[in-house]
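Please keep the model open beside the text and find each residue as it is named.

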Amino acid sequence: MRNKPTIVVLLVVFSLICLYNLFYTYRQFSMSSKFNAAESNCIGSGRKDSVSCAEYQELVKDTVFQNRYKGAIDKSFTLGLDLQGGMLATLEIGVEDIIRQLAPNSVNDTAFNAALKNAIKTKENSQDDFVSIFVSELKKVNPNAKLGAVFMNNERGISVSTSDADVIKMLDEEAKGAIDRTFNIIRTRIDQFGVVSPNLQKQEGTGRIIVELPGVKEPERVRKLLRSTAKLEFWTTYTIEEAIRVMIEINEKSKIIEGLVKEDTTKKDVAKTDSTNTKPDSAGKTDVAVNDSSDKDSADISQEEKVAKFKKENPFFGVCPYPDLQSINPKSPLVGYAMPEDTAKVNEYLRNEEITEVIPDDMKFFWTLKPIAGKAHGLVAIRAENSEPVLGGDKVTTARRTTDENNRFVVDMTMNIEGAQDWARITEDNVNKSVAITLDRMVYSFPTVQGKIAGGRSQITGDFSADEAGDLANVLKAGQLPVPAKIIGEDIVGPSLGASNITSGLLSFLAALLIVGLFMVWYYRKAGVYAVIALLFNLIALIAASAAFNIVLTLPGMAGIILTIGMAVDANVLVFERIREELRSGKTQKAAIKAGFQNAFSSIIDSNVTTLLTGIILFAFGVGPIKGFAVTLIIGILTSLVATLLLTRLILEYYADKGQTISFGSEKTLSMFTGIDLKFSQRKKMFYMISGGLTVVSLILMLTVGFKLGVDFKGGRQYVVEFENKSLSDTDLEKIRTDLTTAYEGDAPVIKTLASASQVQITTSYKKEDAKAGDEIVNKLLANLNSSFPSSKPKILSSTDVGPTVANDIKRSAFFSVIFSLIIIALYILIRFYKWQYSLGAFASLFHDVIIVLGLFSFFRLIPLPFNVEIDQAFIAAILTLIGYSINDTVVVFDRVRENLLENKTMPMTQVFDAAINETLSRTLITAGTTLLSAFVLLLLGGAVIKGFVFAIFMGIIFGTYSSIFVASAISLDLFLREKADKKVAATAK
C-alpha cells in the first residue's frame, strides 16, 4: 500500500473525530436522561410541591447545565419519533386561498369559482403546480378569460392589458413567496416552542411542509401552533341591549325555517314583541332562556319539561339561549351561549339567507375561544364597519407572557407608533364599552374600556395556563401566516412505544453483531478477527458520522445499521476470497494480500456504488423515518469502504510484514467451495421455467388478489392501542370490530394484533377526507374500548393520519422511485461495462425480483402472517434496498465475467459465465448468509412496526441472490450468444 504513514495518520485523526462526536452523544443522552427523570418526577406524577420539583426547577434555572445540554445536542445525533415518541405533521399551504386573495373582485364569479373547484380536484392526481392547473381549468370554463382582468391590481402592475404570461409569473411568485413566508413563520414558532432538534422540510412544488417534532407530548398544542394563522384583530362591539332585538328576530326566523309557524304570522308577532316578552328564567335555574308565559299551565309541569318545550318552540334559542338580562351587564357584548356540539347548528342558522336579512350589515358574531359558562362557549356581537376591524395585528410589535395583579397568566402587547395612536383613539371613543380581541376570528377576551389608553399597551386575558399564554405570545411574535396551513397528514408516537422500539432495536443490533462476528471468525479464522475489528470500526464511524451531521436516528435507521452489519462484511469477503485464490495459485502471503485487494477493488467499488445509488434515490423520495433509513444506508456504505480498503488492509499488511502467518480459514472452510463446477449454462431453460412460472403466478396474484395497502397509500387513520393486563382473544377483536363499525356509521375498521396480544392496530377510512374529524374518531374509539374493557385501561400508543391527497402523492412517488432506480442502475451498468447485454440482464433480473416479492405480499394477503405485510412507504424502502442488494451480487458476477474475458479471449462464452459464477459462488453465498442472519434477527427481535419491512428485505435477499446467479447471468449470456450468432450470419452473407 502506498503512502501508508499518511493513511495511518488520517485514520487516527478520523478515529479521534469519531470519539469526539461520540463523547457529545454520550453527554447528550446522559443529561437528557437526568432532565427527563426530574421532569417526570415533578410533572408526570402530578405533584408540584417544592420537594418533588426541586431538582427539576434547579435544572431549568441552571444556565450552565442548559448551555452544555444544548451544545451536546448540536454536536450529536438525536432519536427520531419512533424511538422517543413525538409528532410528524404534513402541512399543506392553500395556494387556492392565495389565488382568492389576489382576485377579490372575482369571489362571486361563477367561472372563477368553478375553475378553482376543478383545480383543487385535479391537483389530487397531478404533479403540476396549482397555478398552472388553475389557469388551465379557467381557460376550459371560459376560453376568452383574460387573467389581467381577473387579477387586476395597480399595486402589482396588473391591468386588463397585462399578458397572461406576466399574470402567471406574478401568481407563481406570490404563491412561492407565501409558502416561503409560512415556512419561516412556522420555523420561528417551533423554535420558540422549545422542541429539541425539530426538523422542517419544504416539499418543493407541492406547497407542503413536513414538520418533525421528536419528544412532543402534547399533540393538540402543536396542532394549534401549526394551524393558527395568528390573525390578530381588535373589534368594537354591540351591547346586548343593542343586539337583543336582533337575537329575538333571529329566533323568530328560525321558527319559519323549521316550519313551526308561517311567515305572515311571525311578522305580525315580531312587530308586537319587545325585549321582555321572551326572557330567561328570572330565577336563573336553567342555562337556557325559558318563555314563562308560553302556557297557562306552565306551573303544573317540571323544569325539564319546560326546557324541552321551550327548545321545541324556539329552535334558535334552544341551541343558543341569551344571558339572563337581570344579572348580566347590559353593556356586555355577550349575546348567547352554546355547547360545543351546538355551535355548528348556530353557525348554520346565522348563515341562512332568511336570517341574514334581519342582521344589520355591520353586525358579525364570533365565538369565544374558551367556555365561559360551564362548558358553553359565548357568542359575541361584533361591530364590523365595512367588514373590517378597527385595528389589525400588524400594528403589534412585541408580545410576552406575564401575570396580572391576580397572578393570572396574560399576554402583554406593545404597538408601534401608528398602532398606539389608533389604540388611543379607539379606547377614547369606547369608554364603558367592550373591545373584542380576536385571533383567527375567535374571541380571546372582550375587556370593558375604562378610559383612554395611551402608549400602545394592551393585554389579552382569558384564564390561560402558562403554556397557553406562552404559545399565544409566540405565535403573535412570529407573525401572521399569509394563508391558513392545513394538517393533511399526521404521525404520533407515544413515549412508551418509543422506549419499546429502542429496546428491541438494541437487542437486534447486539444479536446480529454477535452472530455475524462469530461466523466470520469461524469461517476465516484470524483474518475473520481482523474483519470483526474493521466491522466494529465501521459501526463506530457510522454512529459518529450520524452525530457529526446531526442525523435523526429512527427505527428504520436502526434497521439500516443492523443490515449494514451483514452487508459490511461483503467487501472483506470479496478480498478474502480473492486472497484465498491467490494463495492456492502458489503466491506468497504478502503477494496474495496485495493481489487480493487489487483484483477485488473494481468489484467492491461497482457493487457499493450501485447500492449507494439506490440509497440516494430512497433519500430523495423518502419522508421521515424512511429518509433516516436511507441516510444510515448511505453512511454505512461509505464507512464500510474505509474500514475494508484501508483498515483491514493495514492490519493484514502489518502482520504480513512482520512475517506472521495469517490464516484465512480452517482446513474445512478452506476446501468448502473448492472444486465446485456448476454447469449452470446447461440448465438455463430450467431456471427460465422456474423464474417464468414464479413471475406469472406473481402477476396473477397481483391482478386477482391485489394488495393490502397501508394507511399511507390509501389514506385514513391508524392507531396502535395497548390494553393493560389484557390479552385479546379473537372474540374480543370481533367485538371491537362490530362496535366500531356501528360507531363509524357502517365503515368497518381493520383490526390486527401486534407482537403482543395486548396491543392491537386499528385502521379506519371513516371520514378520511375530513382533516378535522381526528378528535371525533379518537373519542369514539376510546369510548367504545373503555365501555367494552373498562378494567384494561386502553390507551393509544401511536397514531397515523394520512389525507387522500398525501396518499396519492406517496403512491406516485413510490412508483417513480422504483422505476427510476431500475433505470439508473441499468444505465450505470451500461456505462461501467460498455455492453448493453450486461445492462439488460441486470434490469430484467431486478424486475424479476421486484415482481416476485410483490407477488409474495399479495399471496400473504390470503394467508395472514403474525405481522403486517402491507404495501406502504417502508415496503418501498425495502424494495429499493432489495434492488441495491441484488445488483450488488450481479455486479460481482459480471465483473468476474469481464475479467475472465480479458484474460482468455478465446474461451467460449458459456465457459466464461460458468467459471465466473463458480469462482464467485462462495462470496455470493457468504454475503447472502450474513445479511440473511442480520435480517432474521430483526424478524425475531425487531419491533412489530418494522417486521413487514424486514420480511420484504429477507425474501428479497433470497430471490436477489438466486436471480444474480441464475437470471441475470442467463439473460446476458443468451444475448451475447445471439449477438455472436448474428455476426456470424452477417459475415456468411457477405
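1. A residue is called buried when its relative accessible area is under 20%, exposed when it is over 50%, and partly exposed in between, with a 1.4 Å probe and only protein chains counted. These areas come from the Shrake-Rupley method, again with a 1.4 Å probe, and for residues only the protein chains shown count as cover.

2. The model is predicted, and local features need pLDDT of at least 70, side-chain atom pairs count only at pLDDT 80 or more, and totals for chains, interfaces and linings use all residues. Residues are numbered from 1 along each chain as its sequence is written, and side-chain values use heavy atoms, with hydrogens and water left out.

3. On aromatic pairs, rings of Phe, Tyr and Trp (its six-membered ring) pair if their centres lie within 6.5 Å, and planes under 30 degrees apart count as stacked, over 60 as edge-to-face and the rest as tilted. The search of the whole structure finds 31 such pairs. One of them joins F134 and F151 edge-to-face, with 6.2 Å from centre to centre and 75° between the planes. This pair links distant parts of the chain, since F134 is in helix 7 and F151 is in the loop between helix 8 (147-150) and helix 9 (164-193), 17 residues apart. F134 counts as buried because its relative accessibility is 0%, and F151 is buried because its relative accessible area is 1%.

4. A further aromatic pair, F857 with F951, is tilted, with 5.9 Å between the centres and 40° between the planes. Here too distant parts of the chain are linked, F857 being in helix 30 (residues 836-862) and F951 in helix 33 (residues 947-966), 94 residues apart. Both F857 and F951 are buried. Helices (H or I, at least four residues) and strands (E, at least two) are DSSP runs, numbered from the N terminus. Elsewhere, ring pairs link F519, W522, Y523, Y524, F576 and F664 into a cluster.

5. On salt bridges, the term means a side-chain nitrogen of Lys or Arg within 4 Å of a carboxyl oxygen of Asp or Glu. The whole structure holds 39 of them. One is formed by the side chains of K140 and E137, at 3.5 Å from N to O, and both residues lie in helix 7, 3 residues apart, about one turn of the helix.

6. Another salt bridge joins E776 to K767, whose closest N and O atoms are 3.0 Å apart. E776 counts as partly exposed because its relative accessibility is 29%, and K767 counts as partly exposed because its value is 30%.

7. A nonpolar patch of about 1,000 Å² has F621, F816 and W836 among its residues. Helix 29 (804-833) and helix 30 each give two or more residues to this patch, and helix 29 gives the most, with 8. F816 lies in helix 29, and F816 is partly exposed because its relative accessible area is 42%.

How values were computed. Patches are made of residues with over 30% relative accessible area and no salt bridge: like charges are joined within 9 Å, nonpolar side chains (Val, Leu, Ile, Met, Phe, Trp, Tyr) within 5 Å.
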